[in-house]
Amino acid sequence: MSNIPTNPADRLLFELSKPGRRCVTFPKLDVPEVDIADALKGAKLRKEPARLPEIGELDLVRHFKNLADKNYSVDKNFYPLGSCTMKYNPKINVTLLAQAGYTKAHPYLPEQDVQGHLELMWNLENYLREVSGLDEVTLQPAAGAHGELTGVMCIKAYFEAKGEGDQRTEFLIPSAAHGTNPATAAMAGFKAVTLKEAANGNIDIEELKKKVGPQTAGMMITNPSTLGILEPKMREIAEVLHGVGAQLYMDGANMNAISGIVQPGDYGIDVMHFNLHKTFSVPHGGGGPGAGPIAVRKHLAPFLPTPRIKKNGDGSFAYDYDRPDTVGKVRSFFGNFGALVMAYIYMTQLGREGVRRMSENAVLGANYIRVMLRDYYHVHHDRTNAHEVVFTDKKQDKENGVHTLDIAKRLIDYGIHPMTVYFPLPQNTGGQGAMMVEPTETESKESIDYFIDCMKKIAQECKDNPDLVKSAPHTTPVKKVDEKTASTNPQLYCSMCLG
Amino acid sequence: MPFIQHTDEDRAAMLKAIGVKSIDDLYGDIPADIRVKPDGDRVKLNPSMGELEVTRHIQSLLKSTKNANDYAFFRGAGIYNHHVSTLADHIALYDGNFITAYTPYQPECSQGTLTTVFEFQSCITALTGFEVSNAGMYDGASALAEAVMMGYRLTADAFRKETRETVVLAGAIHPEYAATVKTYCETSGLKLVTVPAGKDGRVDADKLKAALTREASVVAIQSPNFYGVIEDVESLVKSTHDNEAMLVQVIAEAVSLSVLQTPAEAGVDICVGEGQSIGNHMFMGGPAFGFFASRKDNVRKMPGRIVSETTDRDGKRAYALALATREQHIRREKATSNICTNQALCALRALIQLAAWGKGGFVELGRQVVSKTQYAIKTLTAVNGVELAYPNQPVFNEFVIKTKPGLDKKLIQQGIMGGLPLDAVNMGSAGEYLVAITELTTKEDIDKYAAALA
Ligand SMILES: Cc1ncc(COP(=O)(O)O)c(C=O)c1O
């Protein structure tokens, strides 16, 4: 650690620490104080107290306030981070969640004490069943990737039950898929086989037919795809897979484009996950928590994690652990329940009409951006897109030597959070750096127009003053960060916290 | 429409710019026969509700619930009723700049989140003694499963010529954690061997030694274990290391780190745990977060996000995500894990809570918990017919009592949520209860519980 900054606002908590400072005090002990060493005889104790910071309350609040202000966030900035669906997170979600009925609910309370929570989960499962068009839902997975793993495990268990476990060893993954897809397949013990898309970005059915066979357990498809376009041949793809006895998994990260428009079950898919932290407005929290429920067709339902929620004949709700074929548990308890409550409040507010309007307006905004910027940036697939659009740096790279990362950083100077960059990978976007823009339905036309203007301005700057763009950002608390050294010479903790 | 700001004119202008007549025209790739009709005949959600109606609806759902505040509360078993500082709510829930940001991919406009993750890692380092902590996992159970996978990878790397695909789960491990590890092992083809706790509630050292064949790559233990008993971690490490395997310790009650020997000092290889106790509400068991720590030389095999200190172009201190070549977005099927979204906000809450307690407060918290636990043991076992299931074992905040079964209803009627009946979770016989104490448990609560058991 170098010198401690003179301005307290720039210090770490540990650097603000002074022996004897304190926020929390405890009530006077109402039982006899024991000698720890005596009470815990036979156990080894800490040699010294953990070196946590010692700090007063105002300094603590100010520290975090100063840090918060260094973030861009949906509350403060347009945040068109593709594939992440950075929509507005209604304040009511948090307010209603922060009640003792939720904050003080313990997972081992008896069923009669949690009827309202079970009912909420039951209702939410029904909502997702409706939106997916599939038969059963589990809310347990903690995030999209966790849902993927749970879904792929169900598929694996299904084949094992059929006696085809040893035979079905491969999962097909389109080359532009999100990294979690191949990582999930591998974690579940499958070989991830890459499927190259057709030139138009859609699944190449002929290629698919060549790759499937008795060894195929399934395919993970993202629809709309990570290239921001809808897959027109979903039913055919499902037929090809089912034709060889394999299963079709749909990555539902992009459900903000099609919720209430089409029920993916009608495509013939067998299982999908939702990212409630994208589509259904659970705040992203700087990286989580989210929730990644999965919906499955009947034949996969016996394998879902336990417990399931069931409704008794008298209208009461109960946990159902009697699921002999279950894959087991994928985490503790019932999922990220607090996140589920927020998604439920959101979906309840949207209702039937709202869910459809959500998707429609998300798709409208993204197409508008494509059309307005197509003369300024190369559109990877310049055709009707879904809720996001993928540009590349082809033009700026060739003409001005400016790249995706530079453009992204320059956006920060205009008060806009960068779009998703270099995903899909350059190999999927003609060797150029991708810029994936997802405005979401909650942004006003004025915000979208401002973004469009800024992107046009940056395109001009790339011509007139490329160095200005390449040295961006200029207005942030720190300038371009040396991310390479962070990995080659990692410094992962403050030296003041360890003896 | 809720949360959509476009006016009809806005929409018309955008459609015109795009060159289509209606939004429907943008969905040409969806076959007409499966498109949901706008009147909602297929998607049968409720009509939309405003703020007033949804509030009313949520309050009516909550009416049919009870929570820890309604009882003298003695349930824990992985989720603990600690006080959560209002600072954690104010900063993590109500300051939109933390809660409505994404994973800090762009460091220049995410220094807030990145700095807090670095500080969080530092706090986990302070608690565990390990030089490396990640930014958090989904929960304690999945963190343990991932730690077991990592331990396997480390052993497989070190002994390439051998097949060491057995994982040993030793002693009283939380049933939800054990079930999760089992699921992960089954799906990835690892063999799981379970060594149940001995009569004293601890890992049976002889049985563990017998299970430690050359195939074993990882031993997982919980300490304090599910019964509350503090294991002799050092000696378990020794038998594990004698067999050149990795020892993973999981901790369900993170507050125990205020008084117990650090896992690093005990020689543990990977330490994980459930972080709920620190600054996170109970929420029916989630969201909270799993913590994950290990030695520096293991960092490249770790799952999850990791933040490092670095500098900006001008040499100013800055923070950034680091070592991404372990992760799914770079390594795809070769990644150390598929985890992407984690539980960042819950980790932030823990950081705020730890800072609010501070060095002195954390120690005092631990002492209060130990004193109250000792008082509870004394008071409850003074009741005729109530005894400890595992007497003379060191415990931090939890212990198992044996009493006559079937008292639950009576206790609840008297406003007491007694310990967790262990037969209900297949971890003991009828009449055994796992009792949990926190700083919120009062003498009055304990006396009331004892009186009701009498
Ligand atoms: C297309 C796609 N699939 C899967 C995921 C993984 O979801 P999560 O981050 O919730 O694990 C993401 C988002 O990160 C995504 O964009």
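Let's start in chain A of this predicted model, where helices H11(A) and H14(A) cross in a right-handed sense. By class, the residues at this contact comprise eight nonpolar, one polar and three charged. H11 of chain A covers residues 337-373 and H14 of chain A covers residues 445-464. Two packed helices are described by the angle between their axes and the distance between the axes. Here the axes come within 10 Å and cross at roughly 30°. Because angles under 35 degrees count as roughly parallel, H11(A) and H14(A) are roughly parallel to each other.

If you'd like to find the contact on screen, look on the H11(A) side for A:Gly365, A:Tyr368, A:Ile369, A:Met372 and A:Leu373. They meet a set of residues in H14(A) that includes A:Ile448, A:Phe451, A:Ile452 and A:Met455, along with A:Lys445, A:Asp449 and A:Lys456.

Now let's move to chain B. There you will find an open sheet of four strands, in the order E11-E12-E15-E14, with antiparallel pairing. Strands E11 (387-388) and E14 (420-421) of chain B stand at the edges; each has a single partner strand, so one side of each is left without a neighbour in the sheet. Strands of a sheet pair through backbone hydrogen bonds, either parallel or antiparallel.

Within this sheet, E12 (residues 398-402) and E15 (residues 432-436) of chain B pair in the antiparallel sense over five bridges. To follow one of the pairings, pick B:Phe399, whose bridge partner in E15(B) is B:Val435. Helix H12 of chain B, residues 344-381, packs on the sheet and touches E11, E12 and E15 of chain B. The direction of H12(B) makes about 5° with that of E12(B).

Note on methods:
Residues numbered from 1 in each chain as written. Chains lettered and ligands numbered in written order. Predicted model: local features only at pLDDT ≥ 70, side-chain atom pairs only at ≥ 80, totals over all residues. Heavy atoms only, no water. Pairing = 2+ DSSP bridges. Helix = DSSP H or I, 4+ residues; strand = E, 2+ residues; numbered from the N terminus. Contact = heavy atoms within 4.5 Å. Axes fitted to C-alpha atoms, helices over the stretch in contact; angles between N-to-C directions. Parallel < 35°, antiparallel > 145°, perpendicular 65-115°, else oblique. Left-handed = near helix turned anticlockwise from the far one by under 90°. Nonpolar A, V, L, I, M, F, W, Y, C, P; charged D, E, K, R; others polar.
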